[in-house]
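Here are some notes to read alongside the structure. Take them one at a time, with the 3D view open, and try each question before reading on.

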Amino acid sequence: MNAITSASAIRTVHVPLGERAYDILIGPGLIARAGAEIATRLKGRKAAIVTDENVAPLYLKALVASLDEAGIASAEVVLPAGEKTKSFEHLMTACDKVLEARVERNDYVIALGGGVIGDLSGFAAGIVRRGVRFVQVPTSLLSQVDSSVGGKTGINSRHGKNLIGVFHQPDLVLADTDVLNSLSEREFRAGYAEVAKYGLIDKPHFFAWLEANWKSVFTGGSARIEAIATSCQAKADVVVADERENGQRALLNLGHTFGHALEAATAYDSSRLVHGEGVSIGMVLAHEFSARMNLASPDDARRVERHLKEVGLPTRMSEIPGDLPPAESLMDAIAQDKKVKSGKLTFILTRGIGQSFVADDVPASEVISFLREKHP
């Protein structure tokens, strides 16, 4: 696809955060255009590209060439792939390489990869020199619709996922939809769970649209771009209203409290469970728990499960390969979740499709009873 055609196909979602405002560009050919897009918007002329061993052979050369053409010098930081890269060890490697490249405050850290690379790179960008510019080039569906937008960065702890980090907004997000063609079916499905989440939070018409059009989203083309743009706009709206998750931004964690506990229970072993799969199971659990608490109809939980199962996502704990720890251990992981406040459990529950809300002080006794019931 030539540059003119690519430019005409680009969708833009603006995130209006005052002096921290930025654009999300969505469409084909954006890695080839990255240098021009960055140079047009930002002042720096040096970049440290952080990527992983899976993505680097596919897209690093093209990104470097695009930056070179725009007069932006770049250094490369290639880390191992996988959730376990979100550690202090690899964070320090990234920080050291960024400093070694003499990246200054008006220069950039560029994240080229999925959510793991985006989270770690954003954390590095937020703490090196007390904050340098940050550009996201997300290469998975999950990162394009979720983790690349909103400024939440971080690494994992032995106590749980994403417990160490900072808020550091990107200065630009370039979501190249062409790269999604290289994803495995499993990776794409995992990202789709986050797309479906936006409909379940507060956009019932979008969820219904997905039920009717999900096959076209998987195939690609205009439906895929529409789904990504709608998801990014939904997240941008929530971020603008509650940038630092003091209230309604917590809605974006629908399914994540249960999902993060399941990820911890599998020791972040991607052969058993990846993030989007945990979210899929977690969203079904959240709807079922809401029905158990007489907040929503069981029919809604069944509808959510039916759609996620139809696209090929797991919806039950019993579908996770291998043994899971007892319900009490899952409860311990939930108690470490970032959404716990003053020791009280906070869940994202629902009154129906697209009617999610923040529920404070959920009784722990109800949660542990529910987990025992659902445990395989």
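1. Which residues touch the most other members of the largest nonpolar core? Keep in mind that you are looking at a predicted model. The core has 75 residues, and the ones that touch the most other members are Ile24, Ile26, Ile38, Ile110, Leu112, Leu141 and Tyr192. Helix H9, residues 222-241, gives this core its largest share, 10 residues. Another core lies apart from it, with 24 residues, including Ile281, Ile320, Ile334 and Val362.

2. Leaving out residues up to four places away in sequence, Tyr192 touches Leu141, Leu210, Trp214, Val217, Phe218, His307, Val311 and Leu313. One of these, Leu141, was also listed among the residues that touch the most other core members.

3. Now step back to the whole chain. How many helices and strands does the chain have? There are 14 helices and 11 strands. The radius of gyration is 20 Å, close to the 21 Å that the globule rule gives for 376 residues, so the chain is as compact as a globular protein of that length. Its C-alpha trace spans about 60 × 40 × 40 Å along the principal axes.

4. Of the 376 residues, 57% count as buried. Among contacts with a separation of 6 or more, 74% are between residues 24 or more positions apart. The accessible surface comes to about 15,100 Å², and carbon and sulfur atoms account for 49% of that surface.

5. Next, please find the open sheet. In what order do its 7 strands lie? The order is S1-S2-S9-S6-S5-S3-S4, and the pairing is mixed. Strand S1 (11-15) and strand S4 (73-79) are the edge strands, each pairing on one side only. From one strand to the next, the twist averages 15 degrees. As background, strands of a sheet pair through backbone hydrogen bonds, either parallel or antiparallel.

6. S9 runs parallel to strand S6 (residues 133-138), and 2 bridges join them; here Gln136 stands opposite Val173 in S9. S9 also pairs with S2 in the parallel sense, over 5 bridges. In that pairing, Ile26 stands opposite Ala175 in S9, and Ile26 is one of the residues that touch the most other members of the largest core.

7. Is S9 mostly covered or uncovered? S9 is mostly covered, with 5 of its 5 residues buried. Leu172, Leu174 and Asp176 point one way from the strand, while Val173 and Ala175 point the other way. Notice that Asp176 is buried along with the others.

8. Helix H5 (residues 115-127) touches strand S3 (46-52), S4, strand S5 (108-113) and S6, and its direction makes about 170 degrees with that of S5. H9 lies across S1 and strand S2 (22-27), running at about 10 degrees to S1.

9. Is Ser290 buried or exposed? Ser290 sits in helix H11. Its relative accessibility is 0%, so Ser290 counts as buried. Setting aside neighbours within four places in sequence, Ser290 is in contact with Leu295, Ala296, Leu349 and Thr350.

10. Compare that with Met293, which is found in the loop between helix H11 (275-292) and helix H12 (298-310). Met293 counts as partly exposed because its relative accessibility is 27%. The C-alpha atoms of Met293 and Leu349 are separated by 9.6 Å, although the two residues are 56 residues apart along the chain. Leu349 is also one of the contacts of Ser290.

11. Finally, where does Arg244 lie? Arg244 is in the loop between H9 and helix H10 (256-265). With 48% relative accessibility, Arg244 counts as partly exposed; the cut-off for exposed is over 50%. Arg244 and Val166 are 78 residues apart along the chain, and their C-alpha atoms are separated by 9.7 Å.

Terms used
Residues are numbered from 1 along each chain as its sequence is written. This is a predicted model: local features need pLDDT of at least 70, side-chain atom pairs count only at pLDDT 80 or more; totals for chains, interfaces and linings use all residues. Side-chain values use heavy atoms; hydrogens and water are left out. Helices (H or I, at least four residues) and strands (E, at least two) are DSSP runs, numbered from the N terminus. Buried means under 20% relative accessible area, exposed over 50%, partly exposed in between (1.4 Å probe, protein chains only). A nonpolar core is a set of buried Ala, Val, Leu, Ile, Met, Phe, Trp, Tyr and Cys residues joined through side-chain atoms within 4.5 Å. Contact means heavy atoms within 4.5 Å. Two strands pair if DSSP finds at least two bridges between them. Axes are lines fitted to C-alpha atoms, for helices over the stretch in contact, and angles run from 0 to 180 degrees between N-to-C directions. The radius of gyration is taken over C-alpha atoms; the globule rule is 2.2 Å times the number of residues to the power 0.38. Accessible areas come from the Shrake-Rupley method with a 1.4 Å probe; for residues, only the protein chains shown count as cover.
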